[in-house]
Amino acid sequence: MASPSQPFVLRWGIISTGGISAAFVKIVLGHASCSLTYPCSRDVHDVTHKVTAVGSRSLDSAVQFIAEHANGDKSINAYGSHAEVYADSNVDAIYIGTPHTLHYENALDSIKAKKHVLCEKPVTSNAAELRSLLAAAKEQGVFFMEALWTRFQPLTLEVKKIAESGVLGDPVALMADLSGDFDIGKLPLTHRILNPMLGGGALLDLGPYPLIWAILALYEHPSNKGAKPSNVTGTMLKTPLTGVDRSTCFTVTFSPDSPSAPNTLAAQAVLTCNINVAAYQTGVIIRYERGTIAIAAPIFCPKSFTVQYFGEGNSGTVVKEETRRFEYVGVGWHFEADEVARCVRDGRAQSELWGHDKSLLEMEIFDEVRRQGGYKFPPGVEKVQ
């Protein structure tokens, strides 16, 4: 526990030695132009972080990972299995950076060991797996969160503040895209982006980022009153290489069930993701009754957004425009790490910013889009159905 003069220290165990885990560890240890170990450099004084264990399928891999990405820190335990990380009494929380379709098993094992969990997106392969994990986390009394780092960045918090201030009125329409040219014709078919056994394709790998902006701007908007979407539609173009979705477009509509319904929001999001074409500017456009918010790409970590204000009674006539830019130490993952530390310190089961309901909504939408798009995972991928 932290004293009034000392920050709370969260001790991390890392599952997987892939690229995303390497990036997270560099952030946590302060080796990527940012320091979580010395939070005062980020003007954070209440929490800090320490990596205490790394687990891989082989001991050599864990040792090499620590040497390359943690400056060979001898205080970090290297393990040749994930189970040893779960059993380490010096680990408070587990960071899971394995492929999508391994998240459920890794998270469940962590929870059963009474470890708090930060699990990379998408949090599971389907909504049923997530419901199972949430029940287990509640039973074991541990914190659980999907690692949708975008939600915790200062720019995102400022967009939400302006959007809900009322100055722009209610949101009406949203468009968001995240794409990347993976040059899929040259990738091995076992690559995570192409392999259906790993949940490959655009939707699960890239889709969380367009969707998070729809959840932030529409689902979280006060006029929606926490109502789920009234309709979800989706269509997919699949690559003949492996049958995973190459391009996916889906709409998420919010509207009242009846004139007397407490939720009054009537708005729609059109979201796209592709693995064979580059992203474009502007990444997100949110259209309101009295203005627009345009968020610059990359939408997973934007550094600027522009607000246009319409004249009174002159919809579409811009009378004021302002652009806000954000610069901060590091690449932005430290904000979610700090959120986990504060939640664990305060004994919370979930984050108020990205709670269980939002991850569950995300997975329910993805399930429906996959159903409509005819994308079924191979047998054995979904551990709970």
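## Basis

The model is predicted: local features need pLDDT of at least 70, side-chain atom pairs count only at pLDDT 80 or more, and totals for chains, interfaces and linings use all residues. Residues are numbered from 1 along each chain as its sequence is written, and side-chain values use heavy atoms, with hydrogens and water left out.

## Overall build

The protein chain holds ten helices and 14 strands. These are DSSP runs numbered from the N terminus (helices: H or I, at least four residues; strands: E, at least two). Along the principal axes, the C-alpha atoms fill a box of roughly 65 × 55 × 40 Å. The radius of gyration is 21 Å, which agrees with the value near 21 Å for a compact globule of 385 residues. That radius is taken over C-alpha atoms, and the globule rule is 2.2 Å times the number of residues to the power 0.38.

Of the 385 residues, 56% count as buried. Buried means under 20% relative accessible area, exposed over 50%, and partly exposed in between (1.4 Å probe, protein chains only). The chain exposes about 15,900 Å², with carbon and sulfur atoms supplying 53% of it. Areas come from the Shrake-Rupley method with a 1.4 Å probe. Among contacts (heavy atoms within 4.5 Å) between residues at least 6 apart in sequence, 69% join residues at least 24 apart.

## Helix 1

Helix 1 spans residues 19–29 and is mostly covered, with eight of its eleven residues buried. The buried set is Ser-21, Ala-22, Ala-23, Phe-24, Val-25, Ile-27, Val-28 and Leu-29.

Both strands and helices contribute to the cover. It includes strand 1 (8–15), strand 2 (47–55), strand 4 (93–96) and strand 5 (116–120), along with helix 2 (59–69) and helix 9 (334–345).

## Helix 5 against helix 10

Helix 5 (residues 127–140) packs on helix 10 (residues 356–373) at about 160 degrees, with the axes 8 Å apart. Axes are lines fitted to C-alpha atoms, for helices over the stretch in contact, and angles run from 0 to 180 degrees between N-to-C directions. The two helices are therefore roughly antiparallel (the term applies to angles over 145 degrees).

Helix 5 contributes Ala-127, Leu-130, Arg-131 and Leu-134; helix 10 contributes His-356, Ser-359, Leu-360, Met-363, Glu-364 and Asp-367. By class, the contact has five nonpolar, two polar and three charged residues. Here Ala, Val, Leu, Ile, Met, Phe, Trp, Tyr, Cys and Pro count as nonpolar, Asp, Glu, Lys and Arg as charged, and the others, Gly among them, as polar.

## Met-363

Met-363 lies in helix 10. Its relative accessible area is 0%, so Met-363 is buried. Leaving aside residues up to four places away in sequence, Met-363 touches Pro-122, Val-123, Thr-124, Ser-125, Asn-126, Ala-127 and Leu-130. Its C-alpha atom is 9.2 Å from that of Pro-208, 155 residues away along the chain.

## Backbone geometry

Pro-122, one of the residues touched by Met-363, sits in the loop between strand 5 and helix 5. The peptide bond from Lys-121 to Pro-122 is cis, with omega near -15 degrees. The bond from Gln-281 to Thr-282 is also cis, with omega near 0 degrees. Thr-282 is in the loop between strand 10 (267–274) and strand 11 (284–288).

Lys-114 has a positive phi, near 65 degrees. Lys-114 belongs to the loop between helix 4 (103–112) and strand 5, and is exposed at 52% relative accessibility. Asp-183 has a positive phi near 50 degrees. Asp-183 lies between strand 7 (171–179) and helix 7 (202–206), in a loop. Asp-183 is partly exposed, at 37% relative accessibility.

Key. Parallel < 35°, antiparallel > 145°, perpendicular 65-115°, else oblique.
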